[in-house]
Amino acid sequence: MAILVSEKSRVVVQGITGREGMVRTRLMTDYGTHVVAGVTPGKGGGEVYEIPVYDTVEEAWEKCGPIDISVIFVPAALVKNAALEAIDAGVKFLTIVPDRVPIFDVLEIARLAKDRGAVFVGPNTLGLVSPGKAVLGMIGGRAERAREWFRPGDIGVSSRSGGMTSAISYYLTEAGLGQSTIVHVGGDAVVGLSHPEVMELFEKDEQTRLVAMFGEIGTTQEERVADLIEEGKFTKPLIAYVGGKAAKSGTRFSHAGAIVEGTRGSYKSKVQRLRDVGVRVVESISEIPKVALELRGSSGR
Amino acid sequence: MSRLYEYQGKKLLREAGIRVPEGEVVSTPEEARDVVERLGRPVVLKIQVWVTGRAGLGGIEFADSPKEAEEKARKLLGKKIKNYEVEKILVEEKLAIRSEYFAGLIIDDAQKSPLMIFSSVGGTGIEEIAQEHPEKVAHVPVDILKGLRDYEARNLVRRTGISGKLLLKISDVLTKLYKVARQYDARSAEINPMVLTEDGDVYAADCHIAIDDYAVFRHPELGIEIAREFDRPPSDLEKIAYHVEKKDHRGTFYFLQMTDEIPKEDRYIGFNGAGGGGSMMSMDAILNSGFHLANYCDTSGNPSASKVYRAAKIILSQPNIKGYFASGSGVASQEQYHSARGLVKAFYEEKLEIPGVIRLGGNYEEKAIEILAAYLKDIPAEVEGYGRDDSPEFCARRMKELIDKNGSIPHEIRPICDSDVSVDAYVFEIFTGKIAIDHSKCVLCTSKGCVDACAPGILKLLNDKPVLAVTEEDAKKGKCTECLACEIFCQFHEQNAIDIHLPIPGLKEYRNRLIKGRSDLKTIEEEKV
């Protein structure tokens, strides 16, 4: 089944006529993603790789039929409006690729998304891929590479670092382990779908039998995954690799953050919490395929 | 996060209608005296540096008279506190404090909304107090579309045990604090302590406001020089690097120095990571091999070759590093040959002598490694390129072996010389620099390979010489992606007719200062002998 995207998902690309938009549309269509339209205000009527370009998402919806997913490649300052436009038009899943999106803009997007029952990955994401089915964003860079690096299988991958998303998946592929869906949740402090939300999707997905997660210092995402496991809401085997051990600890945003979160966010806190609830926390990337093989064997499925 | 100084934050609070103590920021003892003369009452003098717990560090003084204020200011100004030198102090009226509270706004990543926090106890040690007395702390998520409503603020304050007129005064401050945070895109904004005076007024006695780095562009009025958090003032080299990042939006370039000075005998590495996660993994590998990091640097997000070139030039402006280590996640989506070309241009210009280990795993890594191997064989240093199947640990080991092999020579800074461009050269501007093609040399060229090498296809042949195939304006606006392929091709396969000039403002002077400093030192040493 995979999560979030399949070959049947109908996709619109916002910012399709820009530098990144064009190149990555190529990646997506070559890979098999069903891109039905592009949107660039002011460039309606044109085409990119034979994909019709419209002025608005609403127009794309009217002319091409229902749209499941929008992938956004517009400059950071314009992301908020593009995302709100897509959600308003009825799109239920967004992939927001650009980085440097102001945090209050992200909060506004999250607020409207919640109202409309929509979700998003990003901002600051390479995107996601359900191997053999479809890719969103720019992960893999080119279709032939994405096909070579990522193979269909039963391991879910969720990562806060773009490069590590690809690296973990590639090393799994090399070890003969395929992936169900690979998600780069995005590198920012506030993202649409964070680790715990992705875990809940993997929990419901039949194809996914175990999950590999790359965490980083800062935010409470990894701790919240531990909370989920404790509450019995995520029950599949989980391998976690947390980056930032060498980073200077103790840098807090503010007193206010510490008052609410206590010591959450540090490397130690994350690793401890995850270990406490039975997650296999590894110390290097090369251990991930090894542990995955071991867990798959012992799970007896 | 870009932190504001207390006096800057207080200005924003005052403009929003929050009461703050009367006073002024000063940078000389005389100014401090003048402020007290004008105020005519006892004052507090507070150093304006980004440290917490200033009182414990001797950064807070009190004065009852102008003369005393002048003396105390003299004591504080120029003082070294942690990594900062005190340049400014805030002189303001001393409040008659009855009680202290805490108010803060943060962004809650789990709820994806702002969160307003209020505590009926405040002051130093607030974190511990909050742990011991959770009943005195309350928080409420704020609807981003509606803001913090008056009644929400009142309910929040009431939950900490405060009632009556005071409840109204404090909740009024909270709604205003939220407005300031929202208006200025604050990543966090706190008032600590919030003070109730003997007269019954509520003041913001101190505040910490940090602006979202990604929103700094919306607030030129704040005058933020570098939109990043530092635990010390940025170094000159960091300022140079930040300027590069600011002028070129293609990809990320982040540069941070990890040490002030690198002794010749110590094992420091110039580090060029790519991507947050991959950089952390690579740093761990190099640290575990017994090295120190001279700097942290991240070139990722599909940077142009010119940006990577500039990053390398800046990394190589750190004297005495023993090696150049570049490594990211190992499986990058971006085309890795751009980074390879940027490094080739930089290493070649520098006539690099210290070894380099370049792990460029990802899209087109074979081509990237080939570029390094083909074009760096003539420089004194050994530079090795690796791909996704070579682990960071292996690459760190190679770094160590290469450094040991060449006797651990320290990197020496070279002056930056502008290349001689023929007056008759064909010159056009590109996004962050300019390209000069010496057509007189093109006569001897048989392949005209620069035209084919140019990925965006902006060159064409006119009378057998390469010229722009697009307008000069388009080339400058970004049609030329600064991939450096034409220059590298021409340099190594043809007549060396192309010169791509990519200035880095301030770097030439920076290096000259370092070199001069060193020669001054030599003279002194020679005199001693």
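Predicted model: local features only at pLDDT ≥ 70, side-chain atom pairs only at ≥ 80, totals over all residues.

Me: Why do the buried residues of α2(A) line one face of the helix?

Reply: Buried means 20 or more other C-beta atoms within 10 Å of the residue's own, exposed means 12 or fewer, partly exposed is in between, and C-beta atoms are placed from the backbone. In α2 (57-64) of chain A, the buried ones are Val57(A), Ala60(A) and Trp61(A). They line one face because, looking down the axis of α2(A), they fall within an arc (taken from the directions from axis to C-beta atoms) of 100°.

Me: Which exposed residues sit on the face of α2(A) turned away from its buried side?

Reply: The buried side is covered by elements including β1, β2, β4, β5 and α3 of chain A, where contact means C-beta atoms, placed from the backbone, within 7 Å. The face turned away carries Glu62(A) and Lys63(A).

Me: Which element gives the most to the side of domain 1 of chain A that touches domain 2?

Reply: The bounds, from an automatic or database domain assignment, are 9-124 for domain 1 and 150-301 for domain 2 of chain A. Here 12 residues of domain 1 are in contact with 10 residues of domain 2. Both α4 (103-116) and β7 (119-121) of chain A supply at least two residues to the domain 1 side. Giving the most, with 5 residues, is α4(A).

Me: At what angle do the axes of α7(A) and α8(A) cross?

Reply: Axes are lines fitted to C-alpha atoms, for helices over the stretch in contact, and angles run from 0 to 180 degrees between N-to-C directions. Among the residues making the contact are Met199(A) of α7(A) and Leu228(A) of α8(A). The two axes come within 8 Å and cross at roughly 40°.

Me: How many residues does chain B bring to its contact with chain A?

Reply: On the chain A side, elements giving two or more residues include α4, α6 and β12 of chain A. Chain A puts in 50 residues, and chain B brings 51.

Note on methods
Residues numbered from 1 in each chain as written. Chains lettered and ligands numbered in written order. Helix = DSSP H or I, 4+ residues; strand = E, 2+ residues; numbered from the N terminus. Contact = placed C-beta atoms within 7 Å.
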